[in-house]
Amino acid sequence: MSIDFQVGATSGTARLGRLITPHGEVQTPVFMPVGTLASIKGVPQDMVEKLGAEIILANTYHLYLRPGIEQVRKLGGLHRFMSWNRAILTDSGGFQVFSLTELRKLTEEGVSFRSHLDGSTHFLTPETATAAQIGLGSDILMAFDECTEYPAESARTRSSMELTLRWAERSKKYFEEHKHEVPWSSNHMVTATFGCPSERSRQNAGPTEAELCSAGRMRAPAPTSDGMTQALFGIVQGGMDPALRRESAERTIEIGFSGYAIGGLSVGEPRRVTREIVEATVEHLPFNKPRYLMGVGKPEEIVEYANLGIDMMDCVLPTRAARHGLLFTSEGKISIKQARYAGDETPLDPNCGCRVCARYSRAYLRHLYASKEVLAQVLNTIHNLSFYLDTLRAVRHSIELGNRSQFLSGK
Ligand SMILES: [Zn+2]
C-alpha cells in the first residue's frame, strides 16, 4: 500500500479527509509549507512541528543540484537528512526547469537545462525525475509534466497536454519498477547502521545506543508504516480550456495514480479563470482520491479552493511574503516596514494565537525588520505559516460542523 485516503465528511463540495502516509497522518484540506532546499526558510523543524504542519513540500530541482540526490539517498533519504519525521511531498522538478526559459531545451525525451548555480548541463526526463524523487524518499512524488505557459494557443495547449500524458505513463512505469528502492523501504532499513533501536530492530542495539537515543543525542529514524511505499500523483494539464482539462483528467485517471494534481494554474491568468478551471477540473476527479492544487494561493483563495473540493495546496507566498515584511492577518495584509507601526504596541494580529502575536508588538517587529535582524525573518515566517495553518484548521472544523457558509460569512 502506498497511501490511504478517506473522506470523513462533506459540506457542499468541500471534503474533510485523512491522508495516511508512510510518515504519519495528514488532516485535509491541508496547506503544505514549502521547504525548497529541505528547509522552511528561517524556521527549524521542531517549530514547524509545533505549528502543526503534518506535511511539507520540497523541491526536487533544487535538491538535485545541491546537495545532490545520491548524497541525500546515502544519508537515508530526505526525512532522516533533514530530521523531519512527518510526511513530505516532492515536486518533479519540471516546474522549476520550465521557468528557466533561457536555459532549457525541450524534446520528447525530456528537458535539458543549465544549472542556475554553476551553468552545468543536466537532462531531466520522466525517468530521471522519478528516480530523483525515489532517491529523496518523499512520501508523495509528482509525475514529470510540462506546465503549459499562459497564454497559449489552443493547438499548443493540446500538444503540451499530450506530452504530459505520455510523460505521465513513463513516470508511472518507472515508478512501478523502482519504488522498492526508496531509502526507507524495509530492504534498505536492514543495511542502515544508525538510528534509535526503539523504533527499529533491537537485535544489535546495546544499552549505550538506547541511552543515546533517549537522551536525544542520536537522530531518530523516520518511523515508517510497515510495508508502505511511496505514492505517485498524476498531474492534470490542459491550459485554460475546460474541455481539454476534462480530457486530461479522464486520460490521467485511466493511467491510474494514487492522487491527482491540478497543474498549470497560477501562471499569470486572472483569478476568476483559475477558479473556473479548478471547478471544471475537480468535477472529473475521483471522489476517493486526494486532489492537489499546485502553487496557490492567498489565504482567502485557499479557503475558496478548499470549498471547491481541493484537499491539498502549497504556496511559497506565506514564507516569501514574510521575508519581505508582508504579514497576513485576520484584519487584512500588513506591511510591517511602514513607519506607522513604529510606536504600535498592539500585537500583529489580535485574533491570532501564535507565539509571535502572543509575545511581541508590531513596534518590535517593525524595528527588527527595519534593522534587518535575522529574527525578523524567523518571527514573520512563524506568524504567516501559523495564519495559513490556522485558516485551514478553521476550514476543516467548519466542514465537520457542516456550516461552511457560516464560516465564510464570518471571515
Ligand atoms: Zn500570529
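Trainee: What is the order of the strands in the open sheet of three strands?

Mentor: The model is predicted: local features need pLDDT of at least 70, side-chain atom pairs count only at pLDDT 80 or more, and totals for chains, interfaces and linings use all residues. Residues are numbered from 1 along each chain as its sequence is written, and side-chain values use heavy atoms, with hydrogens and water left out. Strands are DSSP runs of E with at least two residues, helices are runs of H or I with at least four, both numbered from the N terminus, and two strands pair if DSSP finds at least two bridges between them. In this open sheet, with antiparallel pairing, the order is β1-β2-β3.

Trainee: Which strands stand at the edges?

Mentor: An edge strand here has a single partner strand, so one side of it is left without a neighbour in the sheet. The edge strands are β1 and β3.

Trainee: What angle does the direction of helix α16 make with that of β2?

Mentor: Helix α16 (residues 374-401) packs on the sheet and touches β1, β2 and β3 (contact means heavy atoms within 4.5 Å). Its direction and that of β2 make an angle of about 115°.

Trainee: Which residue of β2 is the bridge partner of serine 11?

Mentor: β1 (residues 4-11) pairs with β2 over seven bridges in the antiparallel sense. Two residues lie between the strands of this hairpin, where glycine 12 takes a positive phi near 65°. Serine 11 has as its partner alanine 14.

Trainee: Which arrangement do the four donor atoms around the zinc ion have?

Mentor: The zinc ion is coordinated at 2.2 to 2.3 Å by Cys352 (SG), Cys354 (SG), Cys357 (SG) and His383 (ND1). Donors are N, O and S atoms within 2.8 Å of the metal (3.2 Å for Na, K and Ca). Four donors count as tetrahedral if all angles lie between 85 and 135 degrees. Here the angles are 98 to 116°, so the arrangement is tetrahedral.

Terms used:
Tetrahedral: all angles 85-135°; square planar, octahedral: opposite > 155°, others 65-115°. Axes fitted to C-alpha atoms, helices over the stretch in contact; angles between N-to-C directions.
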